Amino acid sequence: MSDTVSDVKENVCKSENLQQSTDEAMEVEPGKKRHAEEDGEEEVPEAKRRKKARLRNFGPTAPKNALVQLNEIKPGLQYKLLSQSGPVHAPVFSMSVEVNGDIYMGSGPTKKKAKLNVAEKALRSFVQFPNVSEAYRAMGIAVHSTDFTSDAADDAEDTLFNAFEPLPKDDKKENTETNGSGPAAPIIHPPVGSKAPVPAHPMGKNPVMLLNELRPGLKYEMMSETGESHAKNFIVAVTIEGQVFQGCGRNKKIAKSRAAQAILSNLYKMDFNSTPMSQPIANDLMNEGIHLNVPQVLADSVHKLIMEKFGELTNNFSSPHARRKVMAGFVMTEDEDIQTAQVVALATGTKCVNGEYISNSGFALNDSHAEIIARRVLITYFYSQLELHLTSEGAEQSIFQRKENAAGYRLRDGIHFHLFISTSPCGDARIFSPHESSMESELGDRHPNRKARGQLRTKIESGEGTIPVKADAVVQTWDGVLQGERLLTMSCSDKISRWNMLGLQGALLSHFFDPIYVSSIILGSLYHADHFSRAVYERINNQEVLPTPYHLNKPMLSGVTNSESRQPGKAPNFGINWMVNKPVIEVINANTGKNDSGQPSHLCKQALFESFSNLYGRISSTTMPTEQPHLYSEAKAAASDYQTAKQQMYKVFQAANLGTWVKKPVEQDMFEIGSNSFKAEKEDTKEGI
């Protein structure tokens with residue numbers, strides 16, 4: 001107990017001594033304390049004093065690497081990968097860049113380091129300064145230095161984020177003000193009052209970043225989100241100088257990038273096409289019109305209209321009938337004005353009829369590929385427009401008008417038709433490697449099978465894909481197909497090339513008006529300028545003289561900026577079709593060639609022959625007035641000029657050693673109008689729809 005009391009007393013004594021020492025220390029320099037109090041300042045702790053000293057001595061920022069410095073002096077340079085050598089675990093990349101007409105090369109273990117090596121060599125060749133600031137001063141470019149720690153920093157011009165905006169003359173002087181013992185960190189800007197150099201071919205640089213350098217502060221607005229789950233479509237808009245530019249893509253990032261591309265292409269004339277093979281091929285009609293005279297603008301506008309209509313018909317792509325692999329449609333424009341454009345025909349499908357379901361009465365559709373069905377829908381639309389001429393009131397609303405000094409009709413001035421296909425058509429247009437197109441464009445077509453380019457090809461019965469035409473399979477017989485011989489159908493590439501010689505209207509409508517040619521063909525994916533142009537008209541460029549008014553049509557060809565992605569999996573066995581002014585779609589079973597109720601389609605040969613017969617003899621005809629044909633084959637043969645042009649087309653393919661056109665069994669076209677049976681089936685079809 002006594003020991004505890006002694007410890008407590010000892011601790012009390014130590015506390016008193018410590019308090020006394022503290023009081024004495026505070027009274028050592030009372031003058032200084034009073035002086036601080038008189039000045040109204042508080043004594044600053046040592047830690048805070050040191051922190052302020054460090055801030056005053058804030059030095060320059062970390063030096064920029066050679067790549068950044070070179071890009072600031074020479075923006076828009078293109079670095080090319082020359083080669084890759086060495087083993088897999090230790091590769092060596094070689095790159096090059098062209099600066100002021102000189103080419104500099106460098107290498108490194110990675111592409112990034114090789115690029116940095118090239119930039120260092122390029123800088124050393126013409127920049128003999130310790131840093132970019134000195135180089136800018138030598139070139140007469142103002143370098144602004146701002147001290148962000150000074151009290152005046154808040155009042156300074158926000159030049160860091162508005163480097164490309166003109167400044168007042170008073171602000172063009174160099175700011176050399178410092179605060180403390182350390183110099184201010186230099187902030188480098190492009191020439192004040194002018195825009196950064198604009199590269200003509202800004203490849204390799206993000207369009208959004210490039211646009212932000214030229215026009216900082218732009219706002220990107222999300223306009224819409226549409227499309228199927230596997231093919232989403234986002235639209236982003238930017239307003240600049242009173243103009244609205246839009247970009248679309250499968251995600252928001254791509255849409256934003258393409259909106260920036262649209263601005264840079266239109267306002268700064270930049271070219272973002274990576275290879276010549278991805279660029280549109282214009283036609284003479286591109287010199288006409290006002291709003292759609294740019295091929296890519298026309299292509300994207302047609303694509304947008306088709307996708308919007310398909311979404312509308314399939315309940316925003318939620319309907320079971322929205323399943324598809326290929327979609328095609330025709331858009332009609334007047335005077336190349338997008339405000340007057342409308343979708344007149346739309347279809348999906350990728351299959352052909354099974355051989356056992358072929359019809360000798362014209363009730364079954366042989367080819368249910370999307371572009372073929374879309375063209376049959378367009379033919380039905382042509383019949384509906386001709387029927388308007390049965391009355392004087394309806395004639396004014398028709399797209400056709402009577403010829404002035406001849407029999408028959410012609411399209412009204414300024415009307416054009418544009419074909420959209422969601423992917424490259426089967427056949428010759430699709431026989432290439434999409435990911436090797438850039439190499440092919442630089443080195444030329446060196447494929448061992450290049451001499452076979454342009455060959456006629458046929459579709460596979462009840463399947464996808466095509467095979468080259470065989471020399472011994474040019475004649476198909478009815479009994480042979482029913483016995484099990486595969487029914488052959490010409491590829492879509494071959495049929496489109498046929499349309500470019502004979503027109504879209506076919507033989508029956510040639511009785512009433514001159515051939516109608518498509519003005520443009522737009523692909524939603526797998527667009528290759530060389531292969532596509534060869535497939536649809538170049539391979540038949542040296543045709544024999546065609547009877548007037550037939551000629552070889554060369555439409556505008558283009559891809560779209562928002563290309564569709566590949567859709568693996570089996571294609572559905574059905575397809576849909578729709579025509580303008582029709583309330584609902586028709587669903588076709590591709591295997592049987594009839595609608596989902598088992599009834600003949602309104603697009604079958606029997607239906608088209610009935611429409612022809614209803615008009616023949618009642619409206620003006622370009623053919624000699626004869627007795628109305630009773631057989632479908634007779635009506636086709638009576639269009640003599642059309643048949644002459646078709647025979648010339650066959651000779652062109654044979655003369656070029658591209659194969660022989662495969663025809664269907666002749667029994668298919670030897671039928672009459674089955675008035676009673678077909679009308680009954682037609683009524684049942686309407687009730688089913």
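**Side-chain links**

Modeller: A search of the whole structure finds zero disulfides, a disulfide being a pair of cysteine sulfur atoms within 2.5 Å. The sulfur of C426 has its closest cysteine sulfur in C492, and because the two are 3.6 Å apart they are too far for a bond. C426 counts as buried at 5% relative accessibility, where buried means under 20% relative accessible area, exposed over 50%, and partly exposed in between (1.4 Å probe, protein chains only). C604 is also buried, at 0% relative accessibility.

This is a predicted model, in which local features need pLDDT of at least 70 and side-chain atom pairs count only at pLDDT 80 or more, while totals for chains, interfaces and linings use all residues. Residues are numbered from 1 along each chain as its sequence is written, and side-chain values use heavy atoms, with hydrogens and water left out.

Turning to the charged side chains, the search of the whole structure gives 10 salt bridges, each a side-chain nitrogen of Lys or Arg within 4 Å of a carboxyl oxygen of Asp or Glu. Side chains of opposite charge can pair when their charged atoms come close.

One of these salt bridges joins K495 to D367, with 2.9 Å between the closest N and O atoms. The pair links distant parts of the chain, 128 residues apart: K495 is in helix α14 (residues 492-502), and D367 is in the loop between β10 (337-348) and α10 (370-387). Helices (H or I, at least four residues) and strands (E, at least two) are DSSP runs, numbered from the N terminus. K495 counts as buried at 17% relative accessibility, and D367 counts as buried at 5%. D367 and K495 also belong to a network of salt bridges that includes K459.

A salt bridge also forms between the side chains of K403 and D514, at 2.9 Å from N to O. K403 lies in the loop between β11 (400-402) and β12 (409-411), and D514 in the loop between α15 (506-509) and β17 (520-523), so this pair ties together parts that are 111 residues apart in sequence. K403 is buried, with a relative accessible area of 18%, whereas D514 is partly exposed, at 30%.

R534 and D428 meet through their side chains in a salt bridge of 2.9 Å, N to O. Here R534 sits in helix α16 (residues 529-536) and D428 in the loop between β13 (415-421) and α12 (437-443), distant parts of the chain 106 residues apart. Both R534 and D428 are buried.
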